[in-house]
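Morning, everyone. I have one chain to walk through today. Let me put it on the screen.

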Amino acid sequence: MTSAATIERTDTWDMVVVHRVFRREFRILPALVRAVAPGDTTRAEVLGAHLANLALGLHHHHSAEDDLVWPLLLRRAQLHAALIHRMEAQHHRLHEPLEKITEILPRWRDSALAADRDGLADVIAQAAVALDEHLADEEREILPLIEEHLTPAEWKAVGDRGKEVLPKGKMALVFLGSLLEEASPAERRRFLGELPWPVRLLWRLAGERTYAASRDRIRAY
């Protein structure tokens, strides 16, 4: 079957930056959660809201791959079917700790009990290990297949699916800032260059300050 490489090669650079954000946040959150004093519902709400947004973003990230990437690769890269099925299995394994987070998180946000705090921190740490394994495999083995076998339009559809759940207003600046924190100078220029000019202007006027305030509020012990 004719691959996308015979027409225009797909560029997956943006996915790698998104992965860095997921890795970073799941890596630092267990210690932040464990540092919350029992009964401190104000702090639990700050971290809980952040974790809820992060888990929702990861869910939609995986759903887009499940719906729009794996079926195409299974048809067009059949020699790699075992690898693609392994990626699907990793998604299923990640579903368990994410479901556990969904179960514990509302209770902890409501009462900040020590038992819920410790259980939540443990399951976030479990998710971080599984996520790191999955994203490393995806970057090493799947992104090259996507670049070869999916067209730029098909890859754009994956990105457009993700944009459907992006935050609006102030939180959009926070989301952009979280990406730019992990971006190299060249990646940062590219991210900003591909934004509509009103968004670029808003970032220049208030983005750095808005993101720094949100970041420091979350990461403060």
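Start at Pro152. Pro152 counts as partly exposed because its relative accessibility is 29%; buried means under 20% relative accessible area, exposed over 50%, partly exposed in between, with a 1.4 Å probe and protein chains only. A word on the source: this is a predicted model, local features need pLDDT of at least 70, side-chain atom pairs count only at pLDDT 80 or more, and totals for chains, interfaces and linings use all residues. Residues are numbered from 1 along each chain as its sequence is written, and side-chain values use heavy atoms, with hydrogens and water left out.

Where does Pro152 sit? In helix α6, residues 152-163. Helices here are DSSP runs of H or I, at least four residues, strands are runs of E, at least two, and numbering goes from the N terminus. What does Pro152 touch, leaving aside neighbours within four places in sequence? Glu8, Arg9 and Thr10. Contact means heavy atoms within 4.5 Å. Ala220 is another story: 68 residues from Pro152 in sequence, and 40 Å away in space, C-alpha to C-alpha.

Now the whole chain. There are 9 helices and 0 strands. Buried residues make up 42% of the 221 residues. Of the contacts with a separation of 6 or more, 81% join residues 24 or more positions apart. The C-alpha atoms fill a box of roughly 60 × 45 × 25 Å along the principal axes.

Next, the annotation. UniProt, in an unreviewed entry, places "domain: Hemerythrin-like" at residues 15-146. Such annotations may be inferred rather than shown by experiment. Over residues 15-146 the chain is 90% helix and 0% strand, with the end C-alpha atoms 11 Å apart.

Last, the second largest pocket. It holds about 300 Å³ of space. Its lining has 15 residues, and the closest to the centre are His59, His62, His91, His95 and Leu98. On a 1 Å grid over the protein atoms alone, a pocket is an open set of points where a 1.4 Å probe fits, with protein on both sides within 12 Å along at least five of seven lines; lining residues have an atom within 4 Å of a point. The volume is the space filled by probe spheres set on the points, joined across faces, edges and corners. Which helix gives the largest share of the lining? α4, with 8 residues.
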